Amino acid sequence: FYRLSARLDGQSYAACAGHLQDLLCQECSPYAAHLYDAEDPSTPVRTIPGLCQDYCTRVWQNCRSIFRYLSEDRELIALENNMAKFCHYLSLDDTDYCFPHLLANQNLNQNLGLVTADAEGCLQLCLVEVANGLRNPVAMVHANDGTHRFFIAEQVGLVWTYLPDGCRLEKPFLNISESVLTSPWEGDERGFLGIVFHPKFKFNGKVYVYYSVEVHYEERIRISEFRISPADMNALDHGSERIILEIEEPASNHNGGELLFGDDEYLYIFTGDGGMAGDPFGTFGNAQNKSALLGKVLRIDVNNNDRGPLYRIPPDNPFIHDPMARPEVYAYGVRNMWRCSFDRGEPHTKEGKGRLFCGDVGQNKYEEVDIVEKGKNYGWRAREGFSCYDKNLCNNSSMDDVLPIYAYPHKMGKSVTGGYVYRGCEFPNLNGLYIFGDFMSGRLMSLKEDRATGEWQYSEICMGKGQTCMFPGLINNYYQYIISFAEDEAGELYFMSTGVPSATAPHGVVYKVVDTSRRAPPGKCRVEPSPVKVKSKCIPFVPKEKFIMKTPTPRPQLKPMTEAPGRGRPDPKGPHTPAVDWVGQDPPPPGDRSRTLTTPAPSGRTPKPKKGGEKRGQRRKKKPPGRAAPRNGAVRLMEQGRRGRGRGRVEVYIDGEWGTVCDDGWSSSAATVVCRQLGFPYVVRATKKAEFGEGSSLRILLDDVQCSGQERTLLECSHADVGTHNCSHEEDAGVVCSREEVAD
């Protein structure tokens with residue numbers, strides 16, 4: 001803008017600089033694809049955005065010389081002295097998208113800042129496959145050194161280096177599989193569980209890992225420090241291991257596994273409560289015992305530890321002066337926090353920066369999400385979610401436990417996998433959304449904070465339907481068992497899942513989360529990775545997952561808990577007897593992993609709940625409903641006076657009456673909307689000229705219908721006013737739909 005505006009004299013600058021800036025900035029408009037005709041590959045991309053007639057006339061009259069600076073289109077420049085031809089050349093066939101009228105078009109702008117959602121409020125997202133063939137990928141981290149490499153850890157004890165172009169180095173970054181304690185059986189929670197790079201890795205080359213180990217027939221969790229190899233920046237020096245901390249594990253489950261560095265550069269360690277059921281260790285369990293390191297969030301200082309102690313206690317740790325507590329304890333009362341993350345903060349204001357989110361796996365009723373703060377008690381084993389678990393502890397008013405920001409029942413899932421607050425650049429509508437999942441049910445979920453009330457609003461996440469994900473490289477399905485979430489160096493969001501939850505089964509896949517509802521302006525998120533010296537072969541990535549065109553199935557409506565039923569009071573069902581933890585029941589994932597899970601097909605859908613989950617006497621038979629009136633926008637197909645099965649004349653229900661649709665502007669995109677409403681995933685063709693007969697007994701209700709294909713009904717498409725038309729029934733529109741991809 002400054003380069004071009006420098007060519008304008010004072011008078012021209014005053015009159016035209018604003019227009020110049022407006023036209024340049026349309027390249028970054030959410031509607032740039034429409035404005036520049038970039039959606040149709042058969043047409044050349046415009047050099048000037050499509051202009052509305054009145055705006056073009058004003059600019060031509062006062063500032064037509066600026067177009068010479070904006071475009072090298074010779075045909076446009078040749079028309080410069082003919083206003084009518086000039087503005088016709090810059091017009092758009094779809095006048096709804098011309099600049100600047102589209103800025104005030106309510107139909108186009110009302111959901112601009114929102115992620116696309118279906119009729120039930122489920123957010124429609126898509127995925128990109130990033131890595132595959134992994135054995136229970138438990139973590140993905142970056143070095144924060146400008147190289148934009150990412151490192152994926154497998155539960156068996158291997159960590160792999162991936163370069164920014166997606167290829168994987170043949171030589172592992174770390175291989176301690178001979179030391180790691182795990183097994184092939186599905187659901188074994190032991191193994192390599194966490195990895196984190198020191199904030200100053202670029203200078204000190206230090207990496208910290210969390211894994212299970214057996215020492216003299218005793219199971220332990222071990223936190224170790226490694227250094228980068230002086231000979232290879234893509235490999236750790238295996239001989240440099242120093243054991244920072246070891247904690248005895250009384251059982252094989254609830255091993256925790258998260259390692260994080262905070263903005264304070266201290267190391268945060270998240271341990272489980274020791275396993276078994278109901279935290280049965282001691283009078284109140286490990287989680288409530290501040291003298292035990294299990295069931296805690298620990299914080300230690302590993303900076304400048306080359307000499308002296310391997311770690312020090314941060315001077316502001318909350319229990320440093322409590323003789324009955326371990327000084328490492330930062331927070332307590334946790335059962336088995338599986339995956340935690342620090343919020344990077346809103347990109348511009350940094351609001352929310354430093355908040356620590358964790359998913360804490362429940363016992364047999366509820367899963368919860370917490371924001372962890374220094375010195376706080378998160379309630380286990382007194383509480384499970386908002387519900388009382390141990391009656392005596394729950395009634396103890398001195399506990400002063402912190403309630404979760406969100407909890408959900410086991411009808412929705414049985415093992416939460418904590419995620420991240422999205423703070424990346426590429427998908428602005430996701431900003432501030434906490435995205436997490438459930439290992440057992442395969443649900444993807446999200447929470448959004450209401451800043452006015454401080455409450456967190458829940459939305460489920462679904463894989464995009466219809467054309468939402470029909471872009472090159474995108475897929476709309478994933479393997480069920482969601483193991484972990486991750487951020488790359490730029491802040492973009494990923495998750496890892498598998499079809500077989502075994503430490504030795506190579507079925508793990510890493511997915512990048514994509515929101516097609518709105519993308520960042522071109523070039524804004526471009527990164528320039530620092531060079532990486534590679535000393536081993538790089539294996540190119542070959543994606544294996546495919547986009548699946550499917551007819552969506554309705555999800556069960558479940559009401560999660562967002563409020564406590566009453567602090568300090570026992571569950572109204574009476575005293576809670578701790579159940580046997582996953583013995584002979586539905587088994588748990590990593591952070592409560594399964595022993596007897598079956599292998600699902602890749603799916604973005606949530607599995608149906610098992611039958612028999614309700615107690616007898618609680619079901620009530622519903623009376624058969626009366627015949628309800630259709631909803632506004634409902635459609636039906638008619639062929640030779642009868643209801644058509646997948647083909648026929650389109651009739652639409654609006655404000656209490658059925659009517660036909662004129663074929664002016666009728667296209668396959670509009671037919672897609674109709675077929676999807678009727679449950680057909682494919683469109684064979686859109687028909688015109690009353691191919692399936694004239695609906696002469698009905699009014700023509702819609703004309704000039706123009707759809708993108710993502711609308712839920714024809715009423716959401718652009719169209720003339722209802723009942724207003726300039727056509728006859730000889731132009732009634734129709735469709736041919738199909739459940740398979742076939743030619744007509």
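Arg381 sits in the loop between β17 (366-372) and β18 (383-384), where helices (H or I, at least four residues) and strands (E, at least two) are DSSP runs numbered from the N terminus. The peptide bond from Trp380 to Arg381 is cis, with omega near 15°. The model is a predicted one, in which local features need pLDDT of at least 70 and side-chain atom pairs count only at pLDDT 80 or more, whereas totals for chains, interfaces and linings use all residues. Residues are numbered from 1 along each chain as its sequence is written, and side-chain values use heavy atoms, with hydrogens and water left out.

A cis peptide bond also joins Phe99 and Pro100, with omega of about 5°; Pro100 belongs to the loop between α7 and α8 (106-109). Most residues other than glycine have a negative phi, and most peptide bonds are trans. Against that background, Glu265 has a positive phi of about 65° although it is not a glycine. Glu265 is found in the loop between β11 (258-261) and β12 (267-270) and is partly exposed at 25% relative accessibility; here buried means under 20% relative accessible area, exposed over 50%, and partly exposed in between, with a 1.4 Å probe and protein chains only. Asp655, in the loop between β31 (647-654) and β32 (657-661), likewise has a positive phi, near 50°. With a relative accessible area of 63%, Asp655 is exposed.

Turning to the cysteines, the structure holds 12 disulfides, a disulfide being a pair of cysteine sulfur atoms within 2.5 Å. One of them is formed by Cys56 and Cys87, with the sulfur atoms 2.2 Å apart. Cys56 lies in helix α4 (residues 53-63) and Cys87 in helix α7 (residues 83-89), so this pair ties together parts that are 31 residues apart in sequence. The link of Cys56 and Cys87 is left-handed, with -90° about the S-S bond. Cys56 is buried at a relative accessible area of 0%, and Cys87 is buried at 1%.

The sulfur atoms of Cys167 and Cys538 are 1.8 Å apart in another disulfide. Cys167 is located in the loop between β4 (158-162) and β5 (168-169) and Cys538 in strand β28 (residues 538-539), so parts that are 371 residues apart in sequence are tied together. This link of Cys167 and Cys538 is right-handed, with 85° about the S-S bond. Cys167 is buried, with a relative accessible area of 8%, while Cys538 counts as partly exposed at 24%.

Cys340 and Cys358 also form a disulfide, their sulfur atoms 2.1 Å apart. The torsion about their S-S bond is about 120°, so the disulfide of Cys340 and Cys358 is right-handed. It links distant parts of the chain, with Cys340 in strand β15 (residues 337-342) and Cys358 in strand β16 (residues 356-360), 18 residues apart. Cys340 is buried at 2% relative accessibility, and Cys358 is buried at 0%. By contrast, Cys25 is in no disulfide, and the nearest cysteine sulfur, that of Cys28, is 6.5 Å away.

The largest nonpolar core holds 65 residues, of which Leu174, Phe192, Ile195, Leu245, Leu267, Ile269 and Phe436 touch the most other members. A nonpolar core is a set of buried Ala, Val, Leu, Ile, Met, Phe, Trp, Tyr and Cys residues joined through side-chain atoms within 4.5 Å. Strand β8 (residues 206-215) gives the most to this core, with seven residues. A second, separate core of 31 residues includes Leu51, Cys52, Cys63 and Cys87.

Finally, eight strands form an open sheet of mixed pairing, in the order β21-β22-β23-β24-β1-β27-β26-β25; two strands pair if DSSP finds at least two bridges between them. At the edges are β21 (416-421) and β25 (481-487), each of which pairs on one side only. Within the sheet, strand β1 (residues 123-134) and strand β24 (residues 456-463) pair in the parallel sense over three bridges. Gln124 has Cys462 of β24 as its bridge partner.
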